[in-house]
Amino acid sequence: MPRLDQLLSSLGYCSRREARDWIEDGRVEVAGAIADDAGKKVSPADVRVDGEPLDHPDGLLLLLHKPLGRVCSHELREGPSVYDLLPERWRRRNPGVTSIGRLDKDTSGLLLLTDQTALVHRLTSPKHKVPKVYRATVDRDLSPELVPLFASGTLRLEDEDEDQPCAPAELKLLSPREAELTLTEGRYHQVRRMFAATGSTVLTLHRACFGDLELGDLPPGQWRELPVNHFGG
Ligand code: URA
């Protein structure tokens, strides 16, 4: 069990030092009694702050509709970030909330965010092969010959430093300049680079699905909470 001050700080309430003040001020209860010891080992379910149960003590897993123009980065100098959309307390959690893979600044769609470090590693590992569905519009008509080429597992990306070609990907042509592409890999700018390797430029890109998860009608900038064990323990 964690120490009370450590618990409050890891859930983004305050620093460990401030936790001592909060406790002195009588704002924290443990098992129905006003807490008086910042170092007490506690069960998160027993703790109340200002009369409220703790905020997601078992972790966070969020399905965000990433809007265009935001980066998946904690670096302030990279511009407005997806993390700025979240409540401040969640942004102060430790381990911090981070994205499971990334979408480019100019890509919208389904982005998972979590504070579960092991889940990030598991779902971004090349071994895991989670299917991700993208919708792209491009600057010229797409040839039907791209469908078998993308499925072949032989397509090489330009300026590719890895020696492996892209894994087989399912391409569906939706209209002359619009396609749906399902990838099981997550290389840097992969969709844009796959189309570039075949002579077209991606104009708009949106991720509609990640594994069994879909955005549905969630508006841009909004999120849904998922059970933290959605992908298993
Ligand atoms: N492929 C890209 O090119 N960009 C993304 O954001 C995701 C996949």
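## A tour around the ligand

Start with the ligand: domain 2 (61-125 + 214-225) and domain 3 (132-210) both give residues to the shell around it, so the ligand lies between them. Keep in mind that this is a predicted model.

Next, show the pockets. The ligand sits in the largest pocket.

Now select the shell itself. Leu103, Asp104, Thr107, Tyr134, His189, Gln190, Val191, Arg192 and Leu205 surround the ligand. Color them by type and you'll get four nonpolar, three polar and two charged residues. Which helix gives the most to this shell? Pick helix H6 (residues 190-197), which supplies three residues.

- Asp104: a polar side-chain atom is 2.7 Å from a nitrogen atom of the ligand.
- Thr107: here a polar side-chain atom lies 3.0 Å from an oxygen atom of the ligand.
- Val191: this time the backbone takes part, with an N or O atom 3.0 Å from a nitrogen atom of the ligand.

How much of the ligand does the protein cover? On its own the ligand has 240 Å² of accessible area, and the protein covers 96% of that.

Two backbone stops to finish. Go to the loop between helix H3 (88-91) and strand S6 (98-99), where you'll find Pro95. The peptide bond joining Asn94 and Pro95 is cis, with omega at about 0°. Then hop to Lys129, in the loop between helix H4 (117-124) and strand S8 (132-138). Check the phi of Lys129: it's positive, about 50°, even though this residue isn't a glycine.

Technical notes. Residues are numbered from 1 along each chain as its sequence is written. This is a predicted model: local features need pLDDT of at least 70, side-chain atom pairs count only at pLDDT 80 or more; totals for chains, interfaces and linings use all residues. Side-chain values use heavy atoms; hydrogens and water are left out. A residue is near a molecule or strand if one of its heavy atoms lies within 4 Å of it. A polar contact is a pair of N or O atoms within 3.5 Å; within protein, one must be able to donate a hydrogen and the other to accept it, and residues adjacent in sequence count only if both atoms are side-chain atoms. Accessible areas come from the Shrake-Rupley method with a 1.4 Å probe; for residues, only the protein chains shown count as cover. On a 1 Å grid over the protein atoms alone, a cavity is a set of points where a 1.4 Å probe fits but cannot get out, and a pocket is an open set with protein on both sides within 12 Å along at least five of seven lines; lining residues have an atom within 4 Å of a point. A molecule sits in a cavity or pocket if more than half of its atoms lie within 2 Å of its grid points. Helices (H or I, at least four residues) and strands (E, at least two) are DSSP runs, numbered from the N terminus. Ala, Val, Leu, Ile, Met, Phe, Trp, Tyr, Cys and Pro count as nonpolar, Asp, Glu, Lys and Arg as charged, and the others, Gly among them, as polar. Domain bounds come from an automatic or database domain assignment.
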